[in-house]
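These are my notes from one sitting with a single chain. I wrote each entry after looking something up.

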Amino acid sequence: KVTAPCTSGGIPPSKFGMGVTCAVPKGVTGHVGSNLNFEQDDLAASTVQMPSGWTGKGAVALIKNHDNTWGGQTSNNGDTFVSIQGPIGYIEQRFFGLTPGQVYKLTFLASHRKANVEEETLQLLIDGHAIWETSLQDRTSNTFGEFSAQFVPEGKTATIRFVNAAPLDTSFIFVDGVEIEQIEVGATTVLNGDFEADPISD
């Protein structure tokens with residue numbers, strides 16, 4: 001890893017989740033993202049609202065862990081996670097302080113609320129380009145799993161978008177604990193090694 005902790009860039013660690021690493025040189029003030037673990041909003045209960053620091057479209061809600069109304073799940077990352085309802089609901093945020101041409105790894109937690117739909121797909125877009133997706137419908141349990149994707153920014157900023165690409169409004173996808181770090185690509189690191197990064201229709 002070739003990054004410095006958020007505190008080295010003068011960014012309050014309380015704004016981030018899961019020990020997020022900032023893509024800024026040590027000792028230089030920078031800004032990558034805010035409210036990455038969706039804990040910034042002070043909530044007494046789950047509520048339908050856009051999380052602070054994020055914009056988006058569709059029905060987006062902040063869910064308290066163990067809320068049985070939403071399936072009783074916990075992300076084990078703070079007290080709150082975000083729900084994105086289909087179809088094509090999304091949240092996004094512009095990240096700053098990136099180095100063009102360098103490889104970054106985006107890690108996050110995701111789950112879903114089981115519903116009677118044929119497809120529950122979480123899609124990740126960088127600057128409008130789909131770089132990763134997975135079907136959460138195939139998960140055998142309603143528990144959060146850790147996922148990651150790599151990307152190379154063209155400039156010093158990049159807009160990260162999480163999309164619920166399900167076709168029906170009975171689909172709810174959960175996200176929490178977003179992390180971003182610059183990584184060093186060596187001989188043992190292969191981008192898109194499983195050839196799954198490009199969305200292709202059947």
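Is phenylalanine 108 buried or exposed? I looked up its relative accessible area, which is 0%. Buried means under 20%, so phenylalanine 108 is buried. I note here that the model is predicted.

**Entry: the whole chain**

I counted elements next. The chain has 13 strands and zero helices. I then looked up burial and found that 46% of the 202 residues count as buried. The accessible surface of the chain is about 9,900 Å², and carbon and sulfur atoms account for 48% of that. I also checked how far apart in sequence the contacting residues lie. Taking contacts between residues at least 6 apart in sequence, 66% join residues at least 24 apart.

**Entry: a ring pair**

I went back to phenylalanine 108 and searched for rings. The whole structure has eleven aromatic pairs. I picked the pair of phenylalanine 108 and tryptophan 132, whose ring centres are 5.3 Å apart. Their planes stand at 85°. Planes over 60 degrees apart count as edge-to-face, so this pair is edge-to-face. Phenylalanine 108 lies in strand E8 (residues 103–113) and tryptophan 132 in strand E10 (residues 129–135), so I wrote down that the pair links distant parts of the chain, 24 residues apart. Tryptophan 132 also counts as buried, at 14% relative accessibility. Both residues belong to one aromatic cluster, together with Phe38, Trp54, Phe147 and Phe162.

**Entry: the hairpin at E10**

I followed tryptophan 132 into its strand. Strand E9 (residues 121–126) and E10 run antiparallel and are joined by six bridges. Tryptophan 132 in E10 is the bridge partner of leucine 124. The hairpin of E9 and E10 has two residues between the strands, and aspartate 127 there takes a positive phi near 50°.

**Entry: the cores**

Which residues have the most contacts inside the largest nonpolar core? I found Phe151 and Phe162, in a core of 32 residues. I listed the contacts of phenylalanine 162, leaving aside neighbours within four places in sequence; among them are Trp54, Phe108, Leu122, Leu124 and Val178. A second, separate core has eight residues, including Phe81, Leu109, Phe144 and Phe174.

**Entry: the six-stranded sheet**

I looked up the strand order of an open sheet and got E3-E5-E6-E13-E8-E11, with antiparallel pairing. Strand E3 (47–48) and strand E11 (145–151) each have a single partner strand, so they stand at the edges and one side of each lacks a neighbour in the sheet. E3 is joined to strand E5 (residues 60–64) by two bridges. Valine 48 stands opposite alanine 61 in E5.

Threonine 80 counts as buried because its relative accessibility is 3%. Not counting residues up to four places away in sequence, threonine 80 touches Leu62, Ile63 and Lys64, among others. Asp176 is also one of the residues it touches.

**Entry: a charge over rings**

Which rings does the charged end of arginine 113 sit over? One is the ring of tryptophan 70, with the charged end 5.4 Å from its centre. Another is the ring of phenylalanine 172, at 5.3 Å from its centre. I stopped there.

Conventions
Residues are numbered from 1 along each chain as its sequence is written. This is a predicted model: local features need pLDDT of at least 70, side-chain atom pairs count only at pLDDT 80 or more; totals for chains, interfaces and linings use all residues. Side-chain values use heavy atoms; hydrogens and water are left out. A nonpolar core is a set of buried Ala, Val, Leu, Ile, Met, Phe, Trp, Tyr and Cys residues joined through side-chain atoms within 4.5 Å. Buried means under 20% relative accessible area, exposed over 50%, partly exposed in between (1.4 Å probe, protein chains only). Contact means heavy atoms within 4.5 Å. Helices (H or I, at least four residues) and strands (E, at least two) are DSSP runs, numbered from the N terminus. Accessible areas come from the Shrake-Rupley method with a 1.4 Å probe; for residues, only the protein chains shown count as cover. Two strands pair if DSSP finds at least two bridges between them. Rings of Phe, Tyr and Trp (its six-membered ring) pair if their centres lie within 6.5 Å; planes under 30 degrees apart count as stacked, over 60 as edge-to-face and the rest as tilted. A charge sits over a ring if NZ of Lys or CZ of Arg is within 6 Å of the ring centre and within 35 degrees of the ring normal.
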